Amino acid sequence: MTPTKPSPAKSEVLERLHSLVTFFHRHMHEAVRDDGDGLALMEARALNFLARHEGSSQRELVLHSGRDKAQIARIVKTLHERGLLESAPDPQDGRCQRLRLTPEGHTMHRRMQQHRMRFEQALTRGFDAAELAALQAQLERMQANVEKP
């Protein structure tokens, strides 16, 4: 049996997604460089995750980011040293540290979030609420498709 050739429309989906992600990465890289007070892009990503998932563990950050434990440990250490992150022992498991942003961390996250929101507004310009809802549902379905074992 010979493999079927993907339809032109389907073969473009991945290219479009890649192009959009590339534009977004470039935008955020410039934002972090210009407005991040020396923050690295992965540090900004970690702040964003922890702002949305306050009290997460370092392990959860590793799982979300897809980065190795050592890299995330260095990022967490740097964010601690910069006063952007604090940790406290998990009440159920004292071996696990729960991470949360400091007030300074929240301030930095808000600055970076403004850049993200500007990009999102440009990206979705001209879309109505129904189109945005449909797009969100399609993206969630795509994510679920690749997360399935």
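**Sheet, helix packing and selected residues in the predicted model**

Strand S1 (residues 56-57) pairs with strand S3 (residues 97-101) in the antiparallel sense over 2 bridges, where helices (H or I, at least four residues) and strands (E, at least two) are DSSP runs numbered from the N terminus, and two strands are taken to pair if DSSP finds at least two bridges between them. The structure is a predicted model, in which local features need pLDDT of at least 70 and side-chain atom pairs count only at pLDDT 80 or more, whereas totals for chains, interfaces and linings use all residues. Residues are numbered from 1 along each chain as its sequence is written, and side-chain values use heavy atoms, with hydrogens and water left out.

Together the 3 strands form an open sheet in the order S1-S3-S2, with antiparallel pairing. Because S1 and S2 stand at the edges and each has a single partner strand, one side of each is left without a neighbour in the sheet. In general, strands of a sheet pair through backbone hydrogen bonds, in either a parallel or an antiparallel arrangement.

Helix H2 (residues 41-52) comprises 12 residues, which at 1.5 Å a residue should span 16 Å, and its end C-alpha atoms are 17 Å apart, in agreement with that expectation; the expected span is 1.5 Å times one less than the number of residues. Met42, Glu43, Ala44, Ala46, Leu47, Asn48, Phe49 and Leu50 of H2 are buried, a class defined by a relative accessible area under 20%, with exposed meaning over 50% and partly exposed in between (1.4 Å probe, protein chains only). H2 lies across S1, S2 and S3 and runs at about 100 degrees to S3, axes being lines fitted to C-alpha atoms, for helices over the stretch in contact, and angles running from 0 to 180 degrees between N-to-C directions.

The axes of H2 and helix H3 (residues 58-65) come within 11 Å and cross at roughly 115 degrees. The contact (heavy atoms within 4.5 Å) is made by Met42, Ala46, Phe49, Leu50 and Arg52 of H2 and by Glu60, Leu61, His64 and Ser65 of H3. The residues of this contact divide into 5 nonpolar, 2 polar and 2 charged, where Ala, Val, Leu, Ile, Met, Phe, Trp, Tyr, Cys and Pro count as nonpolar, Asp, Glu, Lys and Arg as charged, and the others, Gly among them, as polar.

Individual residues were also examined. Thr102, found in the loop between S3 and helix H5 (103-123), is buried, with a relative accessible area of 8%. Leaving aside its neighbours within four places in sequence, Thr102 is in contact with Gly83, Leu84, Leu85 and Glu86; Thr102 and Gly83 are 19 residues apart in sequence and 6.9 Å apart in space, C-alpha to C-alpha. Asp37 is found in the loop between helix H1 (8-35) and H2 and is exposed, with a relative accessible area of 52%. Asp37 has a positive phi of about 50 degrees although it is not a glycine, whereas most residues other than glycine have a negative phi. Ala133, in helix H6 (residues 129-147), counts as partly exposed at 48% relative accessibility.
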